Amino acid sequence: MNVLTLKHATIRYGRLTAVDGVSLELRKGETLGLVGESGCGKSSLARAIAGLQPLAGGSLCVEDGLRADDTGQRPVDRRSKIQLLFQDPGASLSPRMTVQSLLAEPLKIRRRHNPQNWERIVTLARSIGLGDQLLERYPHQLSGGQARRVALVRALATEPSTIVADEPTAGLDISVQGDLLNLLRALRGPLGLSYLLISHNLNVVGRVTDRVAVMYLGQIVETGPTAELFNAPAHPYTQALFSANLTLDSARRRERRLLKGEVPSASNPPSGCRFHKRCPVAQAVCASQIPRLRPGQNDRSVACHFPLAIASANSSQAISG
Ligand code: SF4
């Protein structure tokens, strides 16, 4: 069962198409990683899923099959099922509110503030290390890790099914990062959560996700189980992205293929395959024919005329269709 299904989702800012026809599903109980270079459309997609950015085209369905743009469903109902964990909790925590007020606010907005729900929130806060002594503090009196935990409890206040976490560990010390990731993992089963984790940190993605989707210039170019993608990427962009990560293991660093050139502008993307001007195995057809995302074996999909496993075996033959 999917908790989120995006079909041909498109997001525009004026004449710039930041996300172009993305289809993606988030399965119940999984952690899906979304990776790609800065500006590839990851955060725009996160904001659209959380209801903060309208789709210019395509659709987003939540678990009960309702389209998020159905006029019959009140936006508040939809937003309580999907919560966004902001990249910078400082920006989402009002500096004038105490932790107690911040934790109560989501319940009050949705008219669900009652003794039973408040007890649930306080119990959850205590269970993740936010003791009662923190309730009277203001955001500037919290450590980075405590602020992320307050943001997490606020996101969980309305008992969502899905958390969209946009760079949740950015700016944290390594040990605090580890604590937060362990916490997210520990909460997933008991609270019945699914996560969409957006991160440029491939070590984080490799450690906590079940599946990965790779974005390039507003489109998904590859999806698959995390271990498979990390061990044997099929799309040349995925391979280049992973091999550019200096902290991956040395065997993979030896096979480094550095990305050449700048990311082209999303307002004027290249014809055919958007990656063809930077791709080390591009052939003539790549400049004219758009490769579609096609399902393959082992729950993998790739959008490439010459995926790497095939390119090495038969580099002169394009995938038909
Ligand atoms: Fe490279 Fe062609 Fe595949 Fe694009 S379609 S990634 S240019 S081989």
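Leu6 sits opposite Leu24 of strand E2. This is a predicted model, so to speak of local features takes a pLDDT of at least 70, side-chain atom pairs count only at pLDDT 80 or more, and totals for chains, interfaces and linings use all residues. Residues are numbered from 1 along each chain as its sequence is written, and side-chain values use heavy atoms, with hydrogens and water left out.

Overall, the protein has twelve helices and eleven strands, taken as DSSP runs (helices H or I, at least four residues; strands E, at least two) and numbered from the N terminus. Of its 321 residues, 50% count as buried, meaning under 20% relative accessible area with a 1.4 Å probe, protein chains only.

Then there is an open sheet of eight strands, ordered E5-E6-E7-E3-E8-E9-E11-E10 with mixed pairing. Strands E5 (82-85) and E10 (294-295) stand at the edges with a single partner strand each, so one side of each lacks a neighbour in the sheet. E5 pairs with E6 (residues 162-166) in the parallel sense over four bridges, and Gln83 has Ile163 as its bridge partner in E6. Helix H10 (residues 236-243) packs on the sheet, touching E3 (31-35), E8 (211-216) and E9 (219-225), where contact means heavy atoms within 4.5 Å.

Conventions. Two strands pair if DSSP finds at least two bridges between them. Axes are lines fitted to C-alpha atoms, for helices over the stretch in contact, and angles run from 0 to 180 degrees between N-to-C directions.
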